[in-house]
Amino acid sequence: MSGGEMEALLEDCTQCGLCREVCIVERLGGHSITSFLCGEEEYSSWLCSSCWRCQEVCPQGVDIHSIMMEKRREEEPPAGHELNLVNVLRFGYALPVDDSVNELRRFHGLDEAQLIPGEWVEILLQGQE
Amino acid sequence: MRTMGLFPGCLVLQRMPQYEKATKRVLREVGVHLENIPDAACCGAPLESFNDKWLHFAAYNLSLAERMGRDMVTLCGNCTNVLLRARAALDDTSLRSEVNETLDKIGLHYDGRVEVRHLVQLLVEHLDELREKVSRELPIKVAVTHPCQALRPSELARFDDPLKPQAMRRIVEAIGADVVDYDAEHDCCGSTLYLADERLGLEAGRRKLDSAGVADVLVDACGNCQLLLDRFQGLLGKSSGPGKLAVLTLPQLLGLAMGIDADDLGVGPATTRALLGSSV
């Protein structure tokens, strides 16, 4: 994303701070994207509970989610998020897949899960940077 | 009986068959038959922070439901949110054709005909049927925790108040249980936050559990909430014994009130005894 596009996303933000007030990360002492929106330099775009309250209360309709996603692509990811990514790239699921998946399901009387074929995962990811 | 396509999401599909089987069993009582969507993959959420292929995964899953001719039922907030946003984004015809070029390579196509409903939305549309099926009084106090991402953004979720949701409360009240207020009712469980910062994620969970301790049971409707609030209670020093708060998924609680065998709901004997007392 160009600097101009980020500027456009931020254009309507008045730094009123309502987003930061409802942010659980901020209440727990961390600094989320809402700190960035309030002009602070200390924050991580990854520190988020994905509850979407900030965007819901924003009186200006700022697309905070898109801003956060753009910022994440510039920042080093935490190990937990990276592991989920690696699993999706490899298995098509956020968790690794092996035979135990269907064993557990059978134990609970559920039908076996019909999982996505590996070659389809590759097709869905084609052109991935 | 209406048939719908179930999209359990990675966590429920692979780690929480209890939530899936209780959902299927309870929905059957209210006239909905769930068929798992064959070949369903990750909703796409974990990709979004890295690249735009999340949309391909979401569209792929939507196209599978469309091929079945079924609307989709989701069990997690995160999947619901991603699928609803993808559905809205794919209203753009040029974006849809672009995604369809990829789907065509695996013989699939998405036309935009699939509705996505989170379990709570579906249940709140069946309150009368729920009331009729209750066969056992549950004289217990219930704290509910709402699936954040199934409620927001409200321009897409639409079925409940996005900041002071009522649907889960109404569902629990419909089975005659007492819904209690607690300070952290509207706070996130901390599950997604845990991925980025374990300490903060667990602290969110601890605050939620401490606050919900006024109830006999905490009820959620999301695999992520169930993971942090129930399965991770051990990491909070609340692993077992009197210190552990019972945490059930919504259909497990409803099933107990319907007199369904606890085994068929994936509810363990200790929780069953604690909630039903000598009536078991």
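Chain B of this predicted model is divided into domain 1 (2-118) and domain 2 (135-279), with bounds that come from an automatic or database domain assignment. The C-alpha centres of domain 1 of chain B and domain 2 of chain B lie 24 Å apart. Their contact takes 23 residues from domain 1 and 21 residues from domain 2 of chain B; two residues are in contact if their C-beta atoms, placed from the backbone, lie within 7 Å. On the domain 1 side, helix H1 (9-15), helix H2 (17-29) and helix H5 (77-89) of chain B each supply at least two residues, and H2(B) gives the most, with 9 residues.

Residues are numbered from 1 along each chain as its sequence is written, while chains are lettered from A and ligands numbered from 1 in the order in which they are written. Local features need pLDDT of at least 70, side-chain atom pairs count only at pLDDT 80 or more, and totals for chains, interfaces and linings use all residues.

Chain B has 17 helices and 8 strands; helices (H or I, at least four residues) and strands (E, at least two) are DSSP runs, numbered from the N terminus. Its C-alpha trace spans about 60 × 45 × 30 Å along the principal axes. Of the 280 residues of chain B, 56% count as buried, a residue being buried if 20 or more other C-beta atoms lie within 10 Å of its own, exposed if 12 or fewer, and partly exposed in between, with C-beta atoms placed from the backbone.

Chain B also touches chain A, in a contact that takes 45 residues from chain A and 47 residues from chain B.

Some backbone features of chain B lie in loops. A cis peptide bond, with omega about 0°, joins B:Arg152 and B:Pro153, and B:Pro153 is in the loop between helix H9 (148-151) and helix H10 (154-157) of chain B. B:Arg158, although not a glycine, has a positive phi of about 65°; B:Arg158 is exposed, because 11 other C-beta atoms lie within 10 Å.
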